[in-house]
Amino acid sequence: MIEQQDDEETFLLQRQEQPTTRTPLPWDQFWIILFVELSEPLSSRTLAPFIPQVSVFPFLGLEYDQNRNFVKLIRDIGVTHGDESQVGHYVGILQSSYYAAHVLTIFHWSRLSDHIGRKPVVLIALVAISVSMFSFGLSKIFLGLVVSRAVCGALDGSGGVIKSMVIDITDVTNMPKAYSYIPIPWMIGGTAGPLIGGSLSRPADRFPDTFGQSQLLKNYPYLLACSISTVFTSVAWLVTYFCLKESVSARTPLWELIKRILFRQSYAKPRQPSSNVLVNPREGNPEEVQSRPLPLRALLTPKVLVVVANYATTNLLHMSFTSVLPVFYATSIKFGGLSLDPPRIGTILAAESAANGIFQLVFYARLHDRFGARAIHTNGVSSGILIVILFPVINALARAHGIGLAVWLCVAIQLGLAISLNLCQPCLALFVRAAAPNRASIGATNGIAQTFVSGARVIGPASAASVFSYSKQEGHNAWLVYYFLMTIAFLAVGASLLLPRDLSVWEDDQ
């Protein structure tokens, strides 16, 4: 073990002596990728005003003003039969339907993109988003809402495939810069989506002079908001079809792939090289280009398992924190929160989201060049420990002195540390690239990681919110939720120490 460490240190010293020239980003294709990525956050956030992520804590007496649209939606559907206590149950089913289906399929879509190319999978995903949003606006029964979200989750493989496409068109010198732009679509979608959903839901009631005569919008009060997202996604489909170049250099004919699956044949024919392919000139090694995607068992190398462990623990920590944070803000001070009203909570979260995107855009590439991916990642997950500690500290200050300068200073520090935690995502993408057994299996390798990300999105919010609710009930340990979050944070820190200090250690062994 010591000899291996010495070899790694010698190798790193040798690498530092070699100057590197940064490759310019391929903006002719990269802007299309950013534009297409906007479809997912825009569609999901359009639904937010009338399907908010709600946690019901009867013992706290909480009632969120932003639930009004959602309550109207549930009443229109009639699934609760007038029983308002069932609202939380049905919103949980509706929210989890997308991610549950996504967990089951994201790996297969990512793996398929290694064979048939990234572009067809992205086109299918955009069709799924468009159809899902339109059918959601036309749904009159709860089952229709669930099916529309589940189908979207099952067919939407764009998230993982777009990340693989970014890896395809970049190299080790410009990939950190590329990932500094990734938050931009999510910032735009996170801002525009709720505005669209909030202002255009129930338009016949909100704007009777303009839409009051439309029987269609009276019968389907959420169709207009959903249609805006549908139109945008359709435009993204057209841009993808006509302008986006395929980034997989060699593809398997679909019929051959189907025969291989149906008849369990060993595929031995060379894959067809794709015309109109965008391949990074630095990585145009013919032997690498002609390599074949590996089976699942061959993908589960120690490197890939280390990256997956980091993805799982980091995203579980991040999703748990983001689900507890608004609940902590809304909970009364005597029950361990801050007693903030919904508008103030929304302002804080929006400011944190904007600050995170701007910070990553301006500073991530510079930080990566100075410190490296592992240092940034380890620092990010380590900040999770301080984030958890600040929860009881903030509440203690609010109990002792009220919501004053000291409380707001600690809130700002906690949100600043959350930005550090968010920087882990582009770092892990770099490690996925380095850990992939070969260039032809990047999609499948990324699919494995994204499967655990989707799993964290299902498990993290539900488990963290449930533990928070349980810990705040009378007779239970009020610190239980912080023990839970701290355990996840320490697991994430431990997993980060398994990563190499320099990506080139893995890449040169690829």
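Which residues do ring pairs link into a cluster? They are Phe-321, Phe-328, Tyr-329, Phe-391, Trp-479 and Tyr-482. Keep in mind that you're looking at a predicted model.

## The big picture

Let's start with the whole chain. It has 25 helices and two strands. Of its 510 residues, 53% are buried. The chain exposes about 23,400 Å², and carbon and sulfur atoms supply 63% of that area.

What about contacts along the sequence? Take those between residues at least 6 apart: 81% of them join residues at least 24 apart.

The largest nonpolar core has 54 residues, and Phe-30, Tyr-311 and Trp-506 touch the most other members. Helix α22 (residues 424-435) gives the most to this core, with eight residues. There's also a second, separate core of 39 residues, and its members include Tyr-329, Ile-394, Val-411 and Ala-492.

Now zoom in on Trp-506. Leaving out residues up to four places away in sequence, Trp-506 touches Lys-303, Val-306, Val-307, Phe-431, Ala-434, Ala-435, Leu-499 and Pro-500.

## Rings in pairs

A search of the whole structure turns up 16 aromatic pairs. One of them is Trp-27 with Tyr-181: the ring centres are 5.0 Å apart and the planes sit at 85°, so this pair counts as edge-to-face. The two come from distant parts of the chain, 154 residues apart. Trp-27 is in helix α2 (residues 27-37), while Tyr-181 is in the loop between α9 (175-180) and α10 (183-200).

Are these two partners buried or partly exposed? Trp-27 is partly exposed, with a relative accessible area of 39%. Tyr-181 has a relative accessible area of 18%, and is buried because the cut-off is under 20%.

Another pair is Phe-431 with Trp-506. Their centres are 6.0 Å apart and their planes are at 75°, so this pair is edge-to-face. Phe-431 belongs to helix α22 and Trp-506 to helix α25 (residues 503-507), so the pair ties together parts that are 75 residues apart in sequence. Both Phe-431 and Trp-506 are buried.

## Tucked inside

The buried ones are Ser-39, Glu-40, Pro-41, Leu-42, Ser-43 and Thr-46.

Why does His-368 count as buried? Its relative accessibility is 13%, and buried means under 20%. Setting aside neighbours within four places in sequence, His-368 is in contact with Pro-176, Ala-373, Ile-376, Leu-430 and Leu-503.

## A nonpolar patch on the surface

Now for the outside. Ile-124, Ile-141, Leu-143, Val-147, Val-151 and Leu-155 form a nonpolar patch on the surface, and together they have about 490 Å² of accessible area. Helix α7 (residues 142-155) supplies the largest share of the patch, four residues. Here's a handy rule for looking at helices: an α-helix has 3.6 residues a turn, so residues three or four places apart point the same way.

Ile-124 is found in helix α6 (residues 118-138). With a relative accessible area of 36%, Ile-124 is partly exposed.

How values were computed: Residues numbered from 1 in each chain as written. Predicted model: local features only at pLDDT ≥ 70, side-chain atom pairs only at ≥ 80, totals over all residues. Heavy atoms only, no water. Patch = residues over 30% accessible without salt bridge, like charges linked within 9 Å, V, L, I, M, F, W, Y side chains within 5 Å. Areas by Shrake-Rupley, 256 points an atom, 1.4 Å probe, with all protein chains shown as cover. Salt bridge = Lys/Arg side-chain N within 4 Å of Asp/Glu carboxyl O. Buried < 20%, exposed > 50% of the residue type's maximum accessible area, 1.4 Å probe, protein only. Contact = heavy atoms within 4.5 Å. Core = buried A, V, L, I, M, F, W, Y, C linked by side-chain atoms within 4.5 Å. Phe/Tyr/Trp six-rings, centres within 6.5 Å; stacked < 30°, edge-to-face > 60°.
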